[in-house]
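Some labels for this model deserve a check against their criteria.

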Amino acid sequence: MFPKLDPLLHSELRLAVMSILAGVDEADFTYLKKQTGATSGNLSVQIDKLTAAGYITVEKGFKGKMPRTTCKITPAGQEAFSKYVEALKEYLSAGK
Amino acid sequence: MEQNKEMTAQESLQLISNTFNNSRKEILRGSAKYFMLWGALLTVTSLVVYLLWHFTTKPQWNFLWFAMPAIGYPLAALIGKHNKAIPQSEVSKMLSGVWSVFGAFAITLSAIAIFLVPMRVSLIIVIMMGLAECMSGVLLKNWPFIIGGFLLGVGGAVFAMLVMGDAQLLIFTLGGVLLLVTGCIMKLQYK
């Protein structure tokens with residue numbers, strides 16, 4: 001019996017965002033946009049979904065006079081991401 | 001990038017791996033700038049102090065070393081401002097930590113050696129510098145940096161014991177070139 005893949009993470013853009021955030025302390029919205037190549041609107045929607053699931057936290061503030069949105073993965077997000085990767089590995093090893 | 005694209009397990013793992021690697025490369029490219037900055041400053045400062053000491057025979061020119069952090073830290077802050085959107089990873093934080101600790105030891109020991117207790121500060125600093133370069137190599141999993149740092153630390157220590165006076169400074173010129181080369185390799189490697 002294979003573990004079910006987390007539907008929230010099994011989406012290209014959300015998975016890319018989680019992959020970036022899993023390797024850093026926190027990341028700016030502009031950095032995520034540049035790394036994923038997504039549009040601002042699309043990225044905002046996906047970030048909202050990850051935030052609602054408790055996988056990431058979003059902090060809005062200012063750096064100097066410029067508005068800054070910072071995203072950070074939560075412990076629940078780290079766990080979900082690890083489980084997702086483990087599940088993928090199981091799928092792949094079963095397919096060999 | 002689409003949010004609803006159906007992905008296979010293979011594609012998902014590939015996406016994770018690619019995204020993670022691209023992000024890692026961008027972060028380490030940001031760290032490379034600091035290696036290049038401090039490498040260039042160390043090379044120039046050591047050469048200037050060496051030449052002035054050599055041709056005037058006045059060791060007081062060593063006070064010029066304190067100009068290095070005075071110039072370097074504002075420039076490093078400027079690079080940090082330019083890189084503000086680039087996040088910190090565990091590796092970039094550890095690299096920054098290793099070299100900050102080295103800087104704090106080097107500046108404090110130099111000041112103590114000049115004003116309080118005379119000591120062979122070149123010997124101590126070159127060993128610490130080799131160690132910091134070695135540790136950077138370990139963090140980046142880069143054997144040339146590990147070997148370069150080891151040779152700088154051990155070779156520099158022997159050189160500092162055998163050679164006296166202004167010529168000792170040339171080991172720091174070599175150290176500066178090593179940092180500069182490390183930065184250039186990182187910039188190219190993580191392109």
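Q: What makes up the area buried between chain A and chain B?
A: In this predicted model, the area buried between the two chains is about 2500 Å², and carbon and sulfur atoms give 60% of that area. On the side of chain A, Glu12(A), Tyr31(A) and Leu92(A) lose the most area to chain B, together 25% of what that side buries.

Q: How many residues of each chain are in contact?
A: Chain A has 31 residues in contact with 25 residues of chain B, contact being heavy atoms within 4.5 Å.

Q: Why is the pair Asp25(A) and Lys93(B) called a salt bridge?
A: The closest N and O atoms of Asp25(A) and Lys93(B) are 3.0 Å apart. The cut-off is 4 Å between a side-chain nitrogen of Lys or Arg and a carboxyl oxygen of Asp or Glu, so the pair qualifies. The count between chain A and chain B is 2 salt bridges.

Q: Why are the buried residues of α2(B) said to lie on the same side?
A: Met68(B), Pro69(B), Gly72(B), Ala76(B) and Ile79(B) are buried. They cover an arc of only 90° around the axis, which puts them on the same side of α2(B). These buried residues pack against α1 (9–56) and α3 (90–115) of chain B.

Technical notes. Residues are numbered from 1 along each chain as its sequence is written. Chains are lettered from A and ligands numbered from 1 in the order in which they are written. This is a predicted model: local features need pLDDT of at least 70, side-chain atom pairs count only at pLDDT 80 or more; totals for chains, interfaces and linings use all residues. Side-chain values use heavy atoms; hydrogens and water are left out. Buried means under 20% relative accessible area, exposed over 50%, partly exposed in between (1.4 Å probe, protein chains only). Helices (H or I, at least four residues) and strands (E, at least two) are DSSP runs, numbered from the N terminus. The arc is that of the directions from the helix axis to the C-beta atoms. Buried area is the accessible area (1.4 Å probe) that two parts lose on being put together, summed over both.
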